[in-house]
Amino acid sequence: GERVAAPKTSTMGFGPQGFRNAPASKLLTYGTAAASLLTHYSRAHHRVGLTPRGLFARGELLSRWLTSQFAFTAPGEACFGLYLLHALRDVERVRGTRAHATRLLIAAVVSLGIQTLLCADVRLVRWLGLGGSSNAFIQNFETTGFAPGPHSLVAALLFPGFLATQPTTQTFTVAGVRFGDKVFTLLAGVRLFWSHGARSVVPAVAGVVGSLVAEWAVTGRGWTPPEWACALTRATLGRALGVDDGGGGGRRGGGRAAATVLRPRPRPRGRRDAAADNRRVGDFEPAPAPPPPPGAVETLTSMGFDEHDARRALGMCGNDLEAATDALLADAR
């Protein structure tokens, strides 16, 4: 039969590889990097955080709401923050883009509401011991406020998202105590949350509270955004990120995206030409692939190929065992 090479997987929209099946994480990471760079080069460090004085400054409320949740002001914390946002993209791959983005949106709104309430009510801040006295948790809270940056969003991704969805793959022992490989990501998060002392710890705690509220709303109550909002997001941000289907569901059977089989578009019957003999990938349209036969998967895995790669190759080759073997061998070269 006629062989068609498996298509090369391309990057999603703009930017380097690494955010496949994680468009929301990609948007958050790139948005944070752009906001941090813009803040740095515009020298607007003093106008991006939530403070009791700046919150009610004329014309600054909306800008402070946005920039305070995304723009880092120090290079060190920006490195830790961007690393964490990139590392936590697997949380989205497990949950699915729609559920993940819904949780992040709820957590962001709740966290921003908590921070705004604390900035608006100085008496509450003093009662909680956060500011207003010489031994307060945050010194000079009225002028310094909370540290800018997505501390609350990173905390919402870590707790409980990262801890609940990511398995421990390796362990090691230090001084008789066993640790998992997730401890490195958690330590990076602690370093980020303490980058400004209490000014960044409070937003992180607010992010955890928002994450718990989001889990209750999405998992416990089954809340989902309206379909028109999802369609609008797919048509705007999804198109810019190169998402075709809006990032559907999460992982199934090991966390890999469902395979697709490539079928040729109908062509008028007639004399075969060179174009018909040398079909390009662009001449094919994706269609849902039937499940690969278990025997074919076992045959390929017995030959030393990874199970996921075997299923993907069978899906792309229409469950043709011989064609899938050729595709896997070609990739191995």
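**Close-up 1. Seven salt bridges are found in this predicted model.** A salt bridge here is a side-chain nitrogen of Lys or Arg within 4 Å of a carboxyl oxygen of Asp or Glu. Residues are numbered from 1 along each chain as its sequence is written, and side-chain values use heavy atoms, with hydrogens and water left out. Because this is a predicted model, local features need pLDDT of at least 70 and side-chain atom pairs count only at pLDDT 80 or more, while totals for chains, interfaces and linings use all residues.

**Close-up 2. Glu-215 pairs with Arg-103.** Look for the closest N and O atoms of this salt bridge, 2.9 Å apart. The pair links distant parts of the chain, with Glu-215 in helix α11 and Arg-103 in helix α6, 112 residues apart. (Helices are DSSP runs of H or I with at least four residues, numbered from the N terminus.) Both Glu-215 and Arg-103 are buried, where buried means under 20% relative accessible area, exposed over 50% and partly exposed in between, with a 1.4 Å probe and protein chains only.

Close-up 3. Elsewhere, salt bridges that share partners join Arg-95, Arg-103 and Glu-215 into one network.

**Close-up 4. Asp-121 meets Arg-123.** The closest N and O atoms of this salt bridge are 3.9 Å apart. Asp-121 has 26% relative accessibility, so it counts as partly exposed; Arg-123, at 69%, counts as exposed.

**Close-up 5. The largest cavity has a volume of about 50 Å³.** A search of the whole structure finds two cavities of 30 Å³ or more. A cavity is a set of points, on a 1 Å grid over the protein atoms alone, where a 1.4 Å probe fits but cannot get out; lining residues have an atom within 4 Å of a point. Grid points are joined across faces, edges and corners, and the volume is the space filled by probe spheres set on the points. Arg-95, Arg-103 and Glu-215 are among the lining residues of the largest cavity, and α6 (97-120), α9 (151-165) and α11 (198-220) each supply at least two.

Conventions. On a 1 Å grid over the protein atoms alone, a cavity is a set of points where a 1.4 Å probe fits but cannot get out, and a pocket is an open set with protein on both sides within 12 Å along at least five of seven lines; lining residues have an atom within 4 Å of a point.
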